[in-house]
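Subject: The structure, and some notes on it

Hi,

Here is the structure I said I would pass on. Have a look at it first, and then read my notes below.

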Amino acid sequence: MPLGPARRDGPGVPLDPAPRDRQGAGVGGVAAVRPARLVVISGTGTEVGKTWVGAALLREGRRRGLRVAARKPLQSFSPGAHSLDSEVLAAASGEPASDVCPEERSFPAPMAPPMAAEALGRPLPTMAAVVSLLEASWPAGSCDLAVVEGAGGVASPLTEDGHTADLAGRLRADVVVLVANPSLGVINSARLAVAALAPARVIVHLNRFDPADDLHRRNAAWLTERDRFEVTSSIAGLVDRLLEP
Ligand SMILES: [Mg+2]
């Protein structure tokens, strides 16, 4: 489904034949091993709670004894923002924020990352560079669950030549968690986003779901029963789903 110009390796076109356990160069010469579960977090739009869900997922994973890692390959923000996504994710995963998002991929301008880079006169990141940096950045040894947060929605510009749906394909993510607001409009936005992410496996996570809200319940049921989407509405339920064999 064409959503913007970026998807070069669209549905049906084989991605590069990297084995799932490919080893990267690693940090300090230690081989980086692909995490056992690689989860990309995206959303139906901006400000839907991707970082909140990612951090909650990491905390719940650690509570269950999993080794976790978080990556925010690019971030942009208003100068003076009180906390950056990389800091929130790092606090949850127990890593340094600079491991979550390298300084050179952090742009203090409230625009899509490649646009922010351009506005700041800094080099525009490419998808290939982002993917190879990520693949070399996994913790040495083993990692049970890695959470990679995109920027904006699935089709928002992430690099000069790609968006989060491209990133998920290039990383061969095991699952994409699509964070969505359970209120009016979610069926439309979830359908468009799931189509843009195909053929990835997607779990639609209804953030701020209120079981007492009739519309929330009806939206969840519609997406589950009619669209046959995988839908979760609690962090524990999401982690259970992610850890299924
Ligand atoms: Mg975020």
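What follows is a short tour of the chain, from the overall make-up down to single residues.

**The overall picture**

Before anything else, keep in mind that this is a predicted model. The chain contains nine helices and twelve strands. It has 245 residues, and 44% of them count as buried. If you take the contacts in the chain with a separation of 6 or more, 74% come from residues 24 or more positions apart.

**Two pairs of helices**

Start with α5 (residues 127-135) and α6 (residues 164-171). Their axes are 11 Å apart, and the two helices pack at an angle of about 50°. They are therefore oblique to each other. The crossing of α5 past α6 is right-handed. On the α5 side you will find Met 127, Val 131 and Leu 134, which meet Asp 166, Leu 167, Arg 170 and Leu 171 of α6. Sorted by class, the residues of this contact between α5 and α6 are five nonpolar, no polar and two charged.

Now turn to α7 and α8. Their axes come within 10 Å and cross at roughly 30°. Here too the crossing is right-handed, with α7 passing α8. Which residues meet in this pair? Val 186, Ile 187 and Ala 190 come from α7, while Asn 219, Trp 222 and Leu 223 come from α8. The contact of α7 with α8 has five nonpolar residues, one polar and no charged ones.

**The buried side of α9**

Next, find helix α9, which covers residues 235-243. Three of its residues are buried: Leu 238, Val 239 and Leu 242. Where do they sit around the axis of α9? They cover an arc of only 95°, so they are on the same side of the helix.

Is Val 176 buried or exposed? It is buried, because 26 other C-beta atoms lie within 10 Å. Leaving out residues up to four places away in sequence, Val 176 touches Val 40, Ser 42, Ala 168, Leu 197, Ala 200 and Val 202.

Leu 178 has 30 other C-beta atoms within 10 Å, so it is buried. Setting aside neighbours within four places in sequence, Leu 178 has contacts that include Ser 42, Gly 43, Thr 44, Ala 190, Val 194, Ile 203 and His 205. Gly 153 is 25 residues from Leu 178 in sequence, and their C-alpha atoms are 8.9 Å apart.

Strand β2 is made of residues 32-33, and Ala 32 is in it. Ala 32 counts as buried because it has 20 C-beta neighbours inside 10 Å; the cut-off for buried is 20 or more. From Ala 32 to Ser 142 is 110 residues in sequence, but 8.6 Å in space, C-alpha to C-alpha.

**Backbone details in the loops**

Finally, here are some spots to check in the loops. The peptide bond from Ala 198 to Pro 199 is cis, and its omega is near 5°. Pro 199 belongs to the loop between α7 (186-197) and β11 (202-206).

Glu 47 is not a glycine, yet it has a positive phi of about 65°. You will find Glu 47 in the loop between β3 (37-43) and α1 (50-63). Glu 47 is exposed, since it has 9 other C-beta atoms within 10 Å.

Arg 228 also has a positive phi, of about 60°, and is not a glycine. The loop that holds Arg 228 lies between α8 (214-226) and β12 (230-232). Arg 228 has 8 C-beta neighbours inside 10 Å, so it counts as exposed.

Happy browsing!

Conventions: Residues numbered from 1 in each chain as written. Predicted model: local features only at pLDDT ≥ 70, side-chain atom pairs only at ≥ 80, totals over all residues. Axes fitted to C-alpha atoms, helices over the stretch in contact; angles between N-to-C directions. Helix = DSSP H or I, 4+ residues; strand = E, 2+ residues; numbered from the N terminus. Parallel < 35°, antiparallel > 145°, perpendicular 65-115°, else oblique. Left-handed = near helix turned anticlockwise from the far one by under 90°. Contact = placed C-beta atoms within 7 Å. Nonpolar A, V, L, I, M, F, W, Y, C, P; charged D, E, K, R; others polar. Buried ≥ 20, exposed ≤ 12 C-beta atoms within 10 Å, placed from the backbone. Arc of directions from axis to C-beta.
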